[in-house]
Amino acid sequence: MAQIFPEWTNKLPTYLAIGVVVLAAAAVAFVWYYFSPWYTDVGYRPLQPVPYSHKLHADDLGLDCRYCHNSVEVSPHANVPPTQTCMNCHTLILPESERLLPVRESFSMKLPLQWVRVHRLPDYAYFDHSAHLRAGVGCVSCHGNVAQMKVVSQKQPLSMGWCLDCHRHPDEHLRPHEELTDMYWQPPADQAEYAKKVRMEKNINPPVVCSGCHR
Amino acid sequence: MSRSELDDRGGYWRSLEHLAEMTAGSQDSSGKAERAREIPSNPWTRRNFLTLMGASMALAGLAGCRRPVDKIVPYVSQLEEVIPGVPRYYATTMPLGNSAYGLIVESHEGRPTKIEGNPEHPASLGSADCLTLASILGLYDPDRSKSVRHKNIEKSYADFVSFWRERHSSFTAGEGSGLAVLSEAFSSPTLARLKRDFAKSFPAARWVAYEPISDENIYRAVQNLTGKTSRPIYDYDRADVILSLDCDFLQTESENVAAARRFADGRRIIGADHVMNRLYVAECAFSVTGGMADHRLRLRSGEIGRLLLALAGKLSQMGVDTGNVPPSGETYFDERWLTALAEDLVRTKGKSLIVAGRRQPVWVHEVTLALNAALGNIDETVSFHGMPDALSTDRDEFAGLVNQMSAGAIDTLVILGGNPVYDAPADVNFSAALGRVEHTVHLSAYYDETSRQAEWHVPRAHFLESWGDARSADGTVSVIQPMIEPLYGGHADTEIFALMAGGRELRGYDIVRETWQSLLKGGDFEKQWRSVLHDGRLADSATPPDKYRAMKSWSKLWSEVPSRPAAASANSLEIGFYPSHLYDGRYANNGWLQELPDAVTKLAWDNAALISPKTAEELAVANNDMVRLEFDGRSLEMPVWVTPGQADYAVALALGYGREGLGQIADGVGFNTYLLRTTGADSFGRGAVLAGTGQTYALANTQDHSRMAGRPIIREATVAEYRDNPEFAREMVEHPALKSIYPDHDYSRGYQWGMVIDLNVCIGCNACTIACQSENNIPVVGKAQVARGREMHWIRNDRYFVGDLDDPRMVHQPVACQQCENAPCEQVCPVAATSHDREGLNTMNYNRCIGTRYCSNNCPYKVRRFNFFNYVSEMAEVVKMAQNPDVTVRSRGVMEKCTFCLQRINRAKQQAKKENRLVRDGEIMTACQQACPTSAIQFGNINDPDSQVAKLKQADRKYDLLAEFNVRPRNSYLAKLTNPNPKLSGGSETG
């Protein structure tokens, strides 16, 4: 009697077994990446009401981050500047620019600009900018090289695991106070030693308990 | 039965049901029976909830994948001092009647969120009471009036101003005849100046003050006795023996916050040889002050005066000059009690103090003051301070005004604050008299009972929105400065007063500064003004004490004593009216205060007719029975609550409830007891009749919630027992060595947070509960939820009775999360949502919690609270502005509990790190600690041996609640002490 199934079907269970494993692995990998903030949040680049370029201001013109975000060292929030700050310069520079129309309107009509939040933490996480800057964590560690961004986008996942990575191993992210806003600073060769010293001096023990950030 | 015998039997009980269980030996300790009572249920049944949730889930899929767009809205021009994310603190003042309480208000980007006492102000000393703390919620109340109204039609403020200008000029011609102003009492340089201006413009006009609750009787007595307008200030801390006559000076009397601190300072014991004051209380309804008494005599308010007579007689026998005391004619005062009290007062001459409550008639106050003088207490424990810039209430003037109104002699009546249609005595019939007045103006925060009958209604600004000033009891003057622009277009008292007086629209700021030009004499005005605004008071502005010289002889005093009242019986009860958590009703729309369980009855969201167990038995009524109360030809139906410790044949009624058309919170809650209150019986009266109607009513009562029965929860001893055995508290529980099956954490390094609550000075006033609610965004859940035991308070105040059902003592114990080192809740959480941090805090992760409630089940203290609903979703948007941005707002299905004010700990730690130092002792104050009027709560780092809390943890009276479970709580208690007179030891101390 002729065989009902052709010979190649003999290998079917093997293929199937391999296939299931591969598929399962793919599914895990898919969820692992595509469901994580690395995919869902990183790269978020909303349009802002004013086409403000950090590259132009922070890189080409060399403004310090803290000219506008001036509360970053004294407050949990790094403030988005009031319209007044823009107008400090733009009453003289490009006073007629069409792209700056929303800024001038905001200023004259006393209506605040509504910027779109890029870096967003959940409401139950209380991040404190001033504490991190005091410890010596530079802007670039969390925000990426903002000085190269024409439109700001999110570079890091800002997930709890990502926070904890740094809280457990903060050494490579600590830098001297004067380098905080330098986007191109590289840790020197003796970074480990520097970190050890500065952690002693400044009593830096990043919390890894719930109460460090949640309240 | 001696106290220790009672304690051995677990003699502490919370309710009548609890006591019955104890005597019957039943083990049901959860109060389930109580909770199962039929309560108004929510229309949201489980079934229709699931139906709707199914539908929303289906729809949610459509929109759930997109990241929500979040906006950042910066200032246009930022204020120089404002740093987004960093709260600012401003000093201001809360006026209440003739009192003023100095405050520090926390403000986030111009949004006030939290009220604290101002440590530099003599009337608050850094603390605050429930009313003050809760008034921040009143600021945002969406039910406040939002517009000027003319005959119930919305008008603009300009319309009102032009109306008034027209009246103003026509009255100027007639010198103000036919014009009258009815205001609240005040002590304010600016308001007094404007009132003088008004009198100058309109010499024929009448200005009367009325408030249902006032110190009028006290002021009158001082006036009659000394011929001066001044008020007594009591230095409780300097008194060794205090007799309180119907005077709840720790809670409901004026100047209660400073009184509580001073009283506690005289009672605080550190070490066995410390001296502690002794408090005798004679009162009708159980009060917070009565709970602190070493000897309490339950006595109907109308018989307090007879006690005073009997006491004066006794004192006279002991050589104190009290003139020729008429016989009191009473035989029912315990001779032994009276003798012991009199001996105590004589023994501590010059360091004793007799105080009478504002409910008592003028003659009682006169005799009290004269007795204080005879005992040499004047200028020692009592001093008199003049009342400049004050207008106090006057019931004769008020009655005269109402008569004039009824006679049609008043053409225009301006009511500045207050709500007389609701709270004037029932026999006065203010409402009808108001109808006879042609033009009426009512300045009021709510469109209330009076506003609806007035021609014009003008919205009144909250004190946090107003410029003004006020004098505290000792005359210290301070500024009321606004924290925010009026949210609903309200107008400050100062602005309206100025408009009334001068017909001109002025800014409150200018009006107040004009007054202060004369107050701040010499030197740079601007500099001094700024320092007053910063400090919250003008330093050294207290008025010097008046010299006391009695103008009345003893014989004159005694000749005015009224004759003895007829005996009370079950058919002729004494009726008494008391201020509630809602004060006189002005806080009725405040959810925090409505939901706050009463300190004594533990009733929330209602008032009831309180009667003693014996009276209830004779009248055959029980808890929750509806009764019909008849008094002086008027009647009211309301439920009954049986209150141990109350005088027999007396019914106590809380004021301020039973509102209609005031707001979403107040409407329909409780019963309007003003309907029974008459001029002759504005505090108490005789001849009320109470009869059951056969109906019942469901009251929400928390007294049986969260019981920890049968264990030595409260530990107390007399001072003598304590001296014999200072370690008594620790020895009350014997247990084997405590070993844990879990590995121990190392808590020997770093900050280790701990708390100590001194039960000896805790008065049970509930300020901690409200402070916590304000600081930690705790929602209001409503009566139906409270009745189910779902109140959310992180710190509750357990009230226990001990001893005899008719005449027990009362003990309070605040219980928050005990922050166990070996926490039972953590061990049962399936998702590790509650876990420990390295500083010994038992932390709670809302985002991780899945709501199994295992933790709450396993908590021996029953301090965990579960969000059965998304309570915030029902909150008006504007009320969300009162929320603390530093604390997570919890959602449905999440467990929560006390965090030791983690946000304050973290802020202080980060500040200390920025300044390269350690957190200083006292730098972190939890909200409850900060509010506590008696400083009963201490918090700090127990690893620092010099910290206040570490020292208290070493105190001999220290004990840990349920330590025998090896949960190792971080919160400890100091055992309560009582200081009974050795001559009265034994059970017959009560009369």
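Modeller: Let us begin with a pair of strands: β1 (residues 115-116) of chain A and β2(B) pair in the antiparallel sense over two bridges. This is a predicted model, in which local features need pLDDT of at least 70 and side-chain atom pairs count only at pLDDT 80 or more, while totals for chains, interfaces and linings use all residues. Residues are numbered from 1 along each chain as its sequence is written, and chains are lettered from A and ligands numbered from 1 in the order in which they are written.

Biologist: What makes β1 of chain A and β2(B) a pair?

Modeller: Two strands pair if DSSP finds at least two bridges between them, and here there are two bridges. In β2(B), Ile72(B) is the bridge partner of Trp115(A). Strands (E, at least two residues) and helices (H or I, at least four) are DSSP runs, numbered from the N terminus.

Biologist: Which residues of chain B touch chain A, and how many are there?

Modeller: The contact takes 32 residues from chain B and 37 residues from chain A; residues are in contact if their C-beta atoms, placed from the backbone, lie within 7 Å. On the side of chain B, β2 (71-72) and α30 (902-914) each supply at least two residues. The largest share, six residues, comes from α30(B).

Biologist: Why are α7(B) and α19(B) called roughly perpendicular?

Modeller: Helix α7 (residues 189-201) and helix α19 (residues 508-519) of chain B pack at an angle of about 100°, with their axes 9 Å apart. Angles of 65 to 115 degrees count as roughly perpendicular (under 35 is roughly parallel, over 145 roughly antiparallel, the rest oblique). The two helices are therefore roughly perpendicular to each other. Among the residues that make the contact are Arg193(B) of α7(B) and Leu519(B) of α19(B).

Biologist: How do you know whether Tyr649(B) is buried or exposed?

Modeller: A residue is buried if 20 or more other C-beta atoms lie within 10 Å of its own, exposed if 12 or fewer, and partly exposed in between. Tyr649(B) has 23 C-beta neighbours inside 10 Å and therefore counts as buried. Tyr649(B) sits in the loop between β28 (634-642) and β29 (650-654) of chain B.

Biologist: What of Ala832(B): buried or exposed?

Modeller: Ala832(B) has 10 C-beta neighbours inside 10 Å, so this residue counts as exposed. Its loop lies between α28 (824-828) and β36 (834-836) of chain B.

Biologist: What is the phi of Tyr649(B), and what is that of Ala832(B)?

Modeller: Phi is near 55° in Tyr649(B), a positive value, and phi of Ala832(B) is also near 55°. Most residues other than glycine have a negative phi.

How values were computed
Contact = placed C-beta atoms within 7 Å. Axes fitted to C-alpha atoms, helices over the stretch in contact; angles between N-to-C directions.
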